[in-house]
Protein chains: 2
Amino acid sequence: MSENAETDIIEHHVEEEMEKKRTRSYGSSFMESVTPSERGGHSSTQSSHRLLAYSDALISIIATVMILPVAHTKVQDNEELKESLQVLLTTKIAVYLMTFLIVTVAWASHIRLFQVIERIDDCLALMNLACMMLITFLPYTFSLMATFPENILGIVLFCACDMVLGLIQALIVVYGFSRPFLLNDQIQVSENQVFYKHHILKVIMRVPIMCFFASIFSLIFFQLSYVILAIVIFLPYISQSLKWCRGKAIGQVEETPDSMLFYTYQLNEPLSKERVEAFSDGVFAIVATLLILDICEDNVPDPATVKEQYSGSLVAALQVYGPEYLAYFGSFTTVGLLWFVHHSLFLHVIKATRFMGLLNTFSLAFVGGLPLAYQLTHEFPRNSRNELEAIQISCVIIFFAGFFQLAIWVAALFCERETLHPYVRYGGREHTFMLAKLSLYPCVALGAFFSTCFLSKFSASIFHLMEITVPFAFLLLRLLVRGGLALLRLMFCPDRPEPRSVLEEEEEEEARVPFNAVIT
Amino acid sequence: MSENAETDIIEHHVEEEMEKKRTRSYGSSFMESVTPSERGGHSSTQSSHRLLAYSDALISIIATVMILPVAHTKVQDNEELKESLQVLLTTKIAVYLMTFLIVTVAWASHIRLFQVIERIDDCLALMNLACMMLITFLPYTFSLMATFPENILGIVLFCACDMVLGLIQALIVVYGFSRPFLLNDQIQVSENQVFYKHHILKVIMRVPIMCFFASIFSLIFFQLSYVILAIVIFLPYISQSLKWCRGKAIGQVEETPDSMLFYTYQLNEPLSKERVEAFSDGVFAIVATLLILDICEDNVPDPATVKEQYSGSLVAALQVYGPEYLAYFGSFTTVGLLWFVHHSLFLHVIKATRFMGLLNTFSLAFVGGLPLAYQLTHEFPRNSRNELEAIQISCVIIFFAGFFQLAIWVAALFCERETLHPYVRYGGREHTFMLAKLSLYPCVALGAFFSTCFLSKFSASIFHLMEITVPFAFLLLRLLVRGGLALLRLMFCPDRPEPRSVLEEEEEEEARVPFNAVIT
């Protein structure tokens, strides 16, 4: 299996690259065909790649920032974890999750905007920086809202940010359409640019207009403005889910015209895969380093204290911080391995749909909570009830982070012809291996959770064992999967001749897929 | 000028893209020509692009992390800034700068390693994650060293990290050479792979071996181990500068054989431009959001306090934080605009040399200090001596951050044929504009610095004026440069006929450059 698979996978990647090249060269050859006069008086038209990478980095930092107030909440040792957790869960964690959602909504609209405008110039780069500044301010207004829900200041500030953001985005669209060489090639060659422009402006201005009403209602009856804001954020998803359900129920599938491709809220609309990756990388990187940031800042002992309390022994002084180091290594490894799974998954994804993006957001939101959970596991006395609960919470968080990654894959399998590389599709050669990779963390976390329920005395040992074995399990996963398959074969059909293995069967099944038809 | 320039620039970018494609298709066609048996039994060979992007994100966070202890040092209002600054400057800022340097050295070695190994598989990805974990731990060991210079624990930990890092890197090289399809194409087709392998292993193992000696010496005579570590870090730069000076003095230019290209410490050795950009983006993104992280965490007032002290008025309570918001917007704008300048510069850079990378590191190290400086400017009473000094420090930091960006450009101009796009080379069409962009911040910062010296009463106003005008100056820079050139022409040669403008002269000069010879 291995050699052929290898060749084909590489060939596929090559073909994918060629595809990219083709699109690109289409773009550039089009650029050449446009006469200079059409391009107006602007030199220094630039590819938007790096601008978008920088924006993704900024947005991913901002999305995860509200985990810091959660992480830095001191949990008192004497009071029960449950009580303090109630305070935590009701406000700070809610703020974190909502911020994450709001920021990712802003990010999705940023993606759509720069799917229309594909080239930038200095002016657009500066306008984009202004957008970024407003987006980075959103979490703060949101935490004001959460802390003072009855005060209108938070909501007014939030609406003001959103309105200015909408206006700048509208300005970017108007600017882009006044210099058509900046636009997406498909719109550039289209004859009804004016229609596009109005359609896109209409979609963009919907948000600031609703925010305007929300801020006006906040003066009269502030509860209503929260409702309006919730509608702003969730409407696209709700309306699309409803439409989808109706479509499934009645059986009437509404086809969107191809012309609207770039500014709809379709659930299976493609998101830029590169940007989903860049955003996820940013979140994983921030989360992986959250604990070392704290360690570097707080856990360098004071020389005077070391002299007085530990009679000059630095090692003894640092032993107090032992649990912090352990938490750091544990959370870095877990986040790193979840990144690794994510990386493997998106390596085989050809196109990310909006729904997959939403699942990815959920997964990342749980990943953000990981360092906090790991830190909690070491803050309580050994074998206390608090420790057990902290460990169980960690297991639950790991489970959901991994589970939503698995859900991305399942969602991708539902329209596998468009979204997945043939090798990981149902029955493909890498299918089993990918499934094993994706289900390793959820299974292990679930197993650890239930075993801590029964063996509550050994909960810490079970958790540490999990931390240590999982990296090795990933290293040896290919062997384990083969071993597991062989074992299954041996158990269920022991008299089947050995060489006719499951893998070969898969290969045959694979051969039945009309390979070329799918690729092109 | 504009229309022709436009066409040519776009054409150039197109040509650049084609060049990339050619290299890539060389790579992929080579991959196809390798027989499957040569590739061994491994499927899922992957492009290393995303792994490197994630590593860059992690390393850029870690490089800037030591600014947090500096930023969170509380400066007392009653004591003079100078005194507290002495404490700050001598330890924390030194730790920050040294950490930045050490982490960038580790990053540079990571670049070199993955210039040799161009494709990855699961095993390499996991080994790389282990490397990352060790690199993220370096700042902490370093701050232990700085806080307890006479205790050997810090240096032993640092050496241990470096040794394990070196061993894992050696393992990666051995693993890569055992699966040649993972290697750089040039090495892959070369006949003396074994020679390469030994050469690279020799270079990599130099660091852990020296660290080993350093840790042994630390037990006997710990000052010596600091010397050895300093040599480890600076040796490549020092030896290369000496070689370069000798070469210039004697006139004998030593040509490195092309075969050694990938593992030398040549100052004009190409660094991967993409990775320099990704790393810089990461640093800019972290630094731009440093203040909002603090604001989100600390500046949400307590509901009880608001009720008691401000009789329920949230606006009044938030007014206390006014200076923090101002500092945030000021630093975000400045960092954003410095990113913008960096982006414009690297848009015109074809190849980044190691020396340009070093200058870039210096520039980024100053950028990291910006939020701190901006925060300081608002922490003191109006018109106090402390405020004046904080503002002057901010100006100095902005000046150096911009100055080193300018230095990158000057360094690039020294070997402009290899490093720069023809349009920004000396005498090129965009030359003046690029120079104006790069010198705007240093000039403004210098101007602000000297004007605060003379008009110390208005220092805060001058500083705020600078913050507000600079973004507009960037927006209108093209107009300003043209106006300035016209003014110069009018002043120095008023009788010259108007249409024969400086820009046209530049164009003529440009025409003299053998265009095609350079591109190909």
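Domain bounds are those of an automatic or database domain assignment. On this basis chain A is divided into domain 1 (48-266) and domain 2 (291-495), and the C-alpha centres of these two domains of chain A lie 30 Å apart. The structure is a predicted model, in which local features need pLDDT of at least 70 and side-chain atom pairs count only at pLDDT 80 or more, whereas totals for chains, interfaces and linings use all residues. Residues are numbered from 1 along each chain as its sequence is written, chains are lettered from A and ligands numbered from 1 in the order in which they are written, and side-chain values use heavy atoms, with hydrogens and water left out.

The secondary structure of chain A comes to 21 helices and 4 strands, where helices (H or I, at least four residues) and strands (E, at least two) are DSSP runs numbered from the N terminus. Of the 520 residues in chain A, 56% are buried; buried denotes under 20% relative accessible area, exposed over 50%, and partly exposed the range in between (1.4 Å probe, protein chains only). Among contacts in chain A between residues at least 6 apart in sequence, 80% join residues at least 24 apart, a contact being defined by heavy atoms within 4.5 Å.

L138(A) is placed in helix 5 (residues 122-147) of chain A, and L138(A) counts as buried because its relative accessibility is 3%. Leaving aside neighbours within four places in sequence, L138(A) is in contact with I102(A), F158(A), C161(A) and D162(A), while the C-alpha atoms of L138(A) and I62(A), 76 residues apart along the chain, are separated by 8.7 Å. H431(A), in helix 17 (residues 431-454) of chain A, likewise counts as buried, at 11% relative accessibility. Not counting residues up to four places away in sequence, H431(A) touches W409(A), L413(A), Y423(A), V424(A), R425(A) and Y426(A).

Helix packing was examined in chain B, with axes taken as lines fitted to C-alpha atoms, for helices over the stretch in contact, and with angles running from 0 to 180 degrees between N-to-C directions. Helix 17 (residues 431-454) of chain B and helix 19 (residues 477-492) of chain B pack at an angle of about 115 degrees, with their axes 10 Å apart. Helix 17 of chain B is therefore roughly perpendicular to helix 19 of chain B; angles under 35 degrees count as roughly parallel, over 145 as roughly antiparallel, 65 to 115 as roughly perpendicular and the rest as oblique. In this pair T432(B), F433(B), A436(B), K437(B) and L440(B) of helix 17 meet L477(B), R478(B), V481(B) and L485(B) of helix 19.
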